[in-house]
Amino acid sequence: MRVIFLFATIFVAAVLATGHQTHPSMQGMQSLSISYDTPEQFSLLKNYVDDPGFDFVRSTNDLVDVLVTADKIEEFKQLLEEHRMNYTVMIEDVHQLVTEQYIEQQVERRLQARSQDYASGRLSFTYYPNYTEVNEYLTYLTQTYKNIASLITIGNSYEKRSMKVLKLSTGGANKPAIFIDAGIHAREWIAPATALYMVDLMLQNHRDLLTKVDWYVLPVLNPDGYEYTHSSSANRLWRKTRSNTGSTCRGVDGNRNYDMQWMTIGASSDPCSDTYAGPKPFSEVENQHLRDFILTRKGQIKAYLTFHSYGQYILYPWGWTSNVPANEPELVSKLLMNIIASAIMHFVTNNIFTLLSLLFQRNLAIQCAQAIAKSRRTRYTYGTSYNALYPNSGPSDDWAMDKAGIKLSFTYELPGGNYGDLLPASEIKPVGIETFEALKVTHQYVTSKYASH
Ligand code: 0X9
Ligand code: ZN
């Protein structure tokens, strides 16, 4: 079993280290989800990693999701069957789906434009907003919630798009803060939408979350890439930034570019790869802005949350080693530890209610996963990035914990349903509502640990 795990780990790293400059024609492209469990099956899949007709969009230790072009699909399916590998066709026709979704987006946009309600920049969350619409919405928030919402421009992207952090604060000094970013990977549209919808929920119905904690939300960390995916259906699956690093291929994987074990594992030095780590750590100006913003508020930010898709994971450091961080018990509880802690607490306080609440307490990741499951039965896996997903280096959450000293640092891989990163916009609100439950838990934890009472 260990041998298989090792093979899987190497395979996953190899898969991630490759990628293609642009996506080949989507006409007739299919999305397959393949499960595998023997070393032979791993090596069989590995043969296709460099094939331009294949794009491995998600990899775990027992399954891969891969987009396969029309000219390769039948032969590949036959091969899977011959080797008794189970697969499901997740998307029958990627091109058709992407095209339909672009039309739907436009229809919803027009519907929204007709409504007086939305004239001022408010979002309906019935379609994925583009970069301009995100900014209009941010401005709308500052005008509507004058005493709470403000914008901090942290700099410009490579293509000179301004990057704005939304600050939500009810005033007062020395409050702990929670920082959220989304959209470092351009095609993961559900991430910015979820971050914004949670802001919407907070401002409309949950102002209590603003009393003791300040919030910073950067909804689009990679504005150029995000805008590129919105510009044409042919670019919908772009992942990286849009910087020109001197190669024929553009862009850097922002989540391999932080100065944290940079380029040590699960990252590529090939500019044409989807996991290209960049020519040096922090080569990407967008990441530099995020770094400077966070370091300026080093003591204040107590939790760092970064939203991605897909796969339903709550991940915490590290990605580069199988070792767990020193405060792992805080990030995810051990039941036994909780019981012991509860007993001590009970002894100290002699309070039955404290005992009961602590007995049922799980620490943060598991509590968040449970809160989400309770909301809509969505199942999240939690664990360190290396152990629960795959090894990789230079991601923002590892940097936030190690270099910015933020002890609570999580990556959320939001749901992709049967669609992966092409999740229909009708899922924005349901995903936002369930994820908001995890946000409440995180807020509660930060408040009880860091806020003055
Ligand atoms: O590979 C990534 O950057 C993330 N997955 S994604 O499918 N959204 O691209 C996972 C990053 C988690 N790993 C660490 N934070 N170390
Ligand atoms: Zn991502």
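**Note on the predicted model and its ligand 1**

1. The residues of the shell around ligand 1 divide into 4 nonpolar, 8 polar and 6 charged, where Ala, Val, Leu, Ile, Met, Phe, Trp, Tyr, Cys and Pro count as nonpolar, Asp, Glu, Lys and Arg as charged, and the others, Gly among them, as polar. A residue belongs to this shell if one of its heavy atoms lies within 4 Å of the ligand.

2. This is a predicted model, in which local features need pLDDT of at least 70 and side-chain atom pairs count only at pLDDT 80 or more, while totals for chains, interfaces and linings use all residues. Residues are numbered from 1 along each chain as its sequence is written, chains are lettered from A and ligands numbered from 1 in the order in which they are written, and side-chain values use heavy atoms, with hydrogens and water left out.

3. Of the 18 residues around ligand 1, those that come nearest are R239, R256, Y390, D397 and E413. At least two residues of the shell are supplied by each of β9 (301-309), α13 (385-389), α14 (396-402) and β12 (408-414); helices (H or I, at least four residues) and strands (E, at least two) are DSSP runs, numbered from the N terminus.

4. An N or O atom in the side chain of Y390 is 2.5 Å from an oxygen atom of ligand 1, and a polar side-chain atom of R256 lies 2.8 Å from an oxygen atom of the ligand. The backbone takes part through S309, with an N or O atom 3.2 Å from a nitrogen atom of ligand 1. Taken alone, ligand 1 exposes 410 Å², and the protein buries 97% of that (accessible areas come from the Shrake-Rupley method with a 1.4 Å probe).

5. V285, found in helix α8 (residues 285-296), counts as partly exposed because its relative accessibility is 23%, given that buried means under 20%, exposed over 50% and partly exposed in between (1.4 Å probe, protein chains only). Leaving aside neighbours within four places in sequence, V285 is in contact with N156, S157 and Y158, contact meaning heavy atoms within 4.5 Å. The C-alpha atoms of V285 and G155 are separated by 8.6 Å, although these residues are 130 residues apart along the chain.

6. Strand β2 (residues 54-59) is mostly covered, with 6 of its 6 residues buried. A hairpin of 3 residues joins β2 to β3, and β2 pairs with strand β3 (residues 63-68) in the antiparallel sense over 5 bridges, pairing requiring that DSSP finds at least two bridges between two strands.

How values were computed: A polar contact is a pair of N or O atoms within 3.5 Å; within protein, one must be able to donate a hydrogen and the other to accept it, and residues adjacent in sequence count only if both atoms are side-chain atoms.
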